[in-house]
4 protein chains.
Amino acid sequence: MSVAALQELLERFADARDWGPYHTPKNLAMALAGEAGELVAEFQWLTAEESDRVMTDPDKATAVRQEMADVFCYLLRLADVLGVDLDTAVREKIAINEHRFPAPRT
Amino acid sequence: MSVAALQELLERFADARDWGPYHTPKNLAMALAGEAGELVAEFQWLTAEESDRVMTDPDKATAVRQEMADVFCYLLRLADVLGVDLDTAVREKIAINEHRFPAPRT
Amino acid sequence: MSVAALQELLERFADARDWGPYHTPKNLAMALAGEAGELVAEFQWLTAEESDRVMTDPDKATAVRQEMADVFCYLLRLADVLGVDLDTAVREKIAINEHRFPAPRT
Amino acid sequence: MSVAALQELLERFADARDWGPYHTPKNLAMALAGEAGELVAEFQWLTAEESDRVMTDPDKATAVRQEMADVFCYLLRLADVLGVDLDTAVREKIAINEHRFPAPRT
C-alpha cells in the first residue's frame with residue numbers, strides 16, 4: 001500500500017472519532033516521541049546480538065512490531081495535518097545524503 | 001510509492017556504504033528516538049495554534065519536514081533489518097483500535 | 001539531599017543487584033530516553049492550561065511524579081558510570097546561558 | 001549542592017528572563033524529551049565498550065556532559081512548576097523498587 005493510502009486510512013479513523021481537536025501538530029509530535037520512547041525501551045537492556053534476534057521471541061516480536069506501528073501511525077497523522085508528503089520527503093533526504101555520504105566506487 | 005519500495009531504496013543506500021554493522025536493531029531504535037527528540041523540539045515552545053501554522057514559515061517548514069523524513073528513514077531501516085511489514089502492522093493496529101475505540105454511530 | 005548523595009544511593013542499589021553489566025552508558029541513555037518518552041506521553045493530549053493543573057488529579061499526579069523520578073534515577077546512574085558531576089555541569093550550563101540569554105536590566 | 005538549591009537557581013534564571021509563559025508543564029516535558037533525544041543520539045553508533053570509554057574523547061565528553069545538564073535543567077524546571085520534590089520522589093522510587101527487585105542475601 002502507498003504511504004498516501006495509509007495516511008488516508010488514519011485520517012478517516014481520526015475523523016470518525018472527532019479526534020481533530022486533539023491532533024494538533026504539537027500533540028502529535030509529542031505522541032510520536034512517546035511511542036519512540038516505548039520502542040527504544042524494548043531494546044534498552046539487550047546486547048547488539050540479542051537485538052538482532054529480538055523477533056525470535058514471539059511476545060517481544062509482537063511488542064516491537066506494535067511500537068513500530070504506533071510510531072508510524074503518529075508520523076502519518078502528523079504528515080496529514082501538516083500537509084507533508086512523506087514519500088517525497090524521504091526521497092529528498094536520500095538525495096541530500098547522497099552528497100553528504102558519497103558511496104565508495106567499486 | 002509503496003512503503004516496501006521506500007524501504008528498499010534505503011536498504012540499497014545503507015548497503016552501498018557498508019552501514020550494516022552499525023544498523024543493528026538496537027542502534028536504529030536509538031537513532032529513531034534521537035530524531036523523534038529533534039522533531040518534538042521543533043514544537044516545544046509553540047502554542048497549539050502556532051503549531052497549526054508551523055508550515056507557513058519556510059525555514060521552520062523545512063526543518064519539520066526533514067525531521068519527519070529522518071524519523072521515517074530510521075523506521076524503514078528498522079523494519080528492514082527486523083523483517084517487519086510496516087504496511088500490514090499499521091493496518092493491524094487500526095483493526096485493534098477499531099475495537100478499543102469504537103466510532104460513534106451516525 | 002545533595003545530588004551526589006542520591007547518586008550514591010542508586011549506585012548501592014544497582015551494585016546489590018549486580019546490575020553493573022546492564023548499566024553501560026549506552027543502555028542507561030536509552031533507558032533515560034524511554035522514561036522521557038513516558039513522561040511526555042502524560043502530557044500529550046492536555047492543553048497548556050490542563051497541563052498547569054495536572055497535579056490536582058491524584059492518579060495523574062502520581063504518574064507524573066513517578067515518571068520524573070524514573071528519568072532522574074537513570075540520569076543519576078549515567079552520571080555515576082560516566083563520572084559526571086551533575087551539580088557542577090548544571091551550574092556551568094547556567095553560566096553559559098547567562099551569556100547566550102542576557103537578562104534584561106531592570 | 002542540594003537538588004532544591006539547583007532548582008531555585010534555575011527558577012531565578014527563568015524568572016529574570018520572563019520565561020514563565022513558555023515554561024508550562026507540557027512545554028517543559030517536551031523540552032526534556034528533546035534533550036533526552038540529543039543525549040541518546042550521542043551513543044547511537046557506539047558499541048557498549050565504546051560507550052564505556054566515551055569520556056576519554058574530550059569533545060565527546062563535553063557534548064555528553066552538556067546534554068546531561070540540559071536534561072537535568074528541564075527536569076528541575078518541571079519539578080519547580082509542578083511542585084514536585086524530586087529528592088523525595090527518587091527515594092520513594094527506591095523504596096518501591098526494593099520490593100519489586102529484592103536484593104539477593106549475601
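This is a predicted model: local features need pLDDT of at least 70, side-chain atom pairs count only at pLDDT 80 or more; totals for chains, interfaces and linings use all residues.

A: A residue counts as buried when its relative accessible area is under 20%, as exposed when it is over 50%, and as partly exposed in between. The structure holds 14 aromatic pairs over all chains. One of them is formed by A:Trp19 and B:Phe101, whose ring centres are 5.4 Å apart and whose planes stand at 80°, an edge-to-face arrangement. This pair crosses between chains, since A:Trp19 belongs to the loop between helix 1 (3-16) and helix 2 (25-43) of chain A, while B:Phe101 belongs to the segment after helix 5 (86-100) of chain B. A:Trp19 has a relative accessible area of 24% and is therefore partly exposed, and B:Phe101, at 31%, is partly exposed as well.

Another pair consists of A:Tyr74 and C:Trp45, which is tilted because the planes lie at 50°, with the ring centres 6.1 Å apart. A:Tyr74 sits in helix 4 (residues 58-82) of chain A and C:Trp45 in the loop between helix 2 (25-43) and helix 3 (48-52) of chain C, so this pair joins two chains. Here A:Tyr74, at 17% relative accessibility, counts as buried, whereas C:Trp45, at 28%, counts as partly exposed.

Returning to A:Trp19 and B:Phe101, these two residues form one aromatic cluster together with A:Phe13. In chain B, the charged end of B:Arg17 sits over the ring of B:Phe13, 3.6 Å from its centre, and in chain C, C:Arg17 lies over the face of C:Phe13, at 3.6 Å from the ring centre.

Definitions and conventions: Residues are numbered from 1 along each chain as its sequence is written. Chains are lettered from A and ligands numbered from 1 in the order in which they are written. Side-chain values use heavy atoms; hydrogens and water are left out. Rings of Phe, Tyr and Trp (its six-membered ring) pair if their centres lie within 6.5 Å; planes under 30 degrees apart count as stacked, over 60 as edge-to-face and the rest as tilted. Helices (H or I, at least four residues) and strands (E, at least two) are DSSP runs, numbered from the N terminus. Buried means under 20% relative accessible area, exposed over 50%, partly exposed in between (1.4 Å probe, protein chains only). A charge sits over a ring if NZ of Lys or CZ of Arg is within 6 Å of the ring centre and within 35 degrees of the ring normal.
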